Each structure stands twice: as structure tokens, then as C-alpha cells.
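Dear colleague,

I am handing over the model that we spoke about, and I would ask you to keep it open while you read.

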Amino acid sequence: DREVVLAAFQQNGNALMYDIAPELKNDREVTLVAVKQNGTALVFANQELRNDREIVLAAVKNDGGALFFASPELRADQEIVYYATNELFF
């Protein structure tokens, strides 16, 4: 159930690593909720979602280390790098 998954991810973003239905694991909103709670949950997102600017920005604002899991294009995005480095060093 999507609502149960969303509620779980609000508590623990790393729950994205568990074996859930593919349509939920690949769901943009579910992934966004997960990375807002735990930025490094981005590692469990599919490639398309790792290339989603809003998702990656939310992830690096939570944990700058999430930058490592973003697509190459977004790792070169100045705003995303700015937020990642600010989160890591300040």
C-alpha cells in the first residue's frame, strides 16, 4: 500500500533499500520522501530518479554525501554542488 510505504519512508528513508513493489520503489514521490528523510537513500533510487534535479537537490540538502549517488550531469550542477558542500562543511 502506497500510503504505508510513504509513512514508513518519512521515518526511515533507507527503507527504500528493502524489497518493495517495483512501482513503489520507482515512484518519484516515494523516493522524494525517502531522500528528504535520509539523503543517502538516493543510492537505492533508479538511474532516472538519480537524474531528477528536485530529488537530488532534496537529497544533498539532507546529506551532502548524497552527491556521490547523483547522475554525472547533476554532480556537475553548480547549485547542487553548492548545497552538497554547504551541508558537508557548515
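Predicted model: local features only at pLDDT ≥ 70, side-chain atom pairs only at ≥ 80, totals over all residues.

Residues are numbered from 1 along each chain as its sequence is written, and side-chain values use heavy atoms, with hydrogens and water left out.

**The chain as a whole**

Counted in this way, the protein chain has 7 helices and 0 strands, so that the order of elements from the N terminus reads α-α-α-α-α-α-α. For a chain of 90 residues, a compact globule would have a radius of gyration near 12 Å, and the 12 Å of this chain agrees with that; the radius is taken over C-alpha atoms, and the globule rule is 2.2 Å times the number of residues to the power 0.38. Along the principal axes, the C-alpha atoms fill a box of roughly 35 × 25 × 15 Å.

The chain exposes about 5100 Å², of which carbon and sulfur atoms supply 53%; such areas come from the Shrake-Rupley method with a 1.4 Å probe, and for residues only the protein chains shown count as cover. Of the 90 residues, 43% count as buried, where buried means under 20% relative accessible area, exposed means over 50%, and partly exposed lies in between (1.4 Å probe, protein chains only). If contact means heavy atoms within 4.5 Å, then 41% of the contacts between residues at least 6 apart in sequence join residues at least 24 apart.

Which residues of helix H3 (residues 28–37) are buried? They are Val30, Thr31, Leu32, Val33, Ala34 and Val35, and their cover includes helix H1 (2–11), helix H2 (22–25), helix H4 (47–50) and helix H5 (53–62). In H5, the buried residues are Ile55, Val56, Leu57, Ala58, Ala59 and Val60, and what covers them includes H3, H4, helix H6 (72–75) and helix H7 (78–89).

At the start of H5, a side-chain oxygen of Asp52 comes to within 3.1 Å of the backbone nitrogen of Glu54. At the start of H3, a side-chain oxygen of Asp27 reaches to within 2.9 Å of the backbone nitrogen of Glu29.

**The loops on either side of H3**

Asp27 lies in the loop between H2 and H3 and is buried, with a relative accessible area of 17%. Leaving aside residues up to four places away in sequence, Asp27 touches Arg2 and Leu49.

Asn26 is found in the loop between H2 and H3, and at 41% relative accessibility Asn26 counts as partly exposed. With residues up to four places away again not counted, Asn26 touches Asn46 and Leu49. Although Asn26 and Leu49 are 23 residues apart in sequence, they are 7.7 Å apart in space, C-alpha to C-alpha. The side chains of Asn26 and Asn46 make a polar contact of 2.9 Å, a term that stands for a pair of N or O atoms within 3.5 Å; within protein, one must be able to donate a hydrogen and the other to accept it, and residues adjacent in sequence count only if both atoms are side-chain atoms.

In the loop between H3 and H4 you will find Asn38, which is buried at a relative accessible area of 17% and whose side chain makes a polar contact of 2.8 Å with the side chain of Thr40.

**Aromatic rings**

The structure holds 2 aromatic pairs. Phe68 and Phe69 form an edge-to-face pair, 5.2 Å centre to centre with 85 degrees between the planes, and Tyr82 and Tyr83 form an edge-to-face pair at 5.3 Å and 80 degrees. Rings of Phe, Tyr and Trp (its six-membered ring) pair if their centres lie within 6.5 Å, and planes under 30 degrees apart count as stacked, over 60 as edge-to-face and the rest as tilted.

Phe68 counts as exposed at 63% relative accessibility, whereas Tyr82 is partly exposed at 48% and Tyr83 is partly exposed at 28%. The charged end of Lys61 sits over the ring of Tyr83, 4.5 Å from its centre, which is said if NZ of Lys or CZ of Arg is within 6 Å of the ring centre and within 35 degrees of the ring normal.

Technical notes. Helix = DSSP H or I, 4+ residues; strand = E, 2+ residues; numbered from the N terminus.
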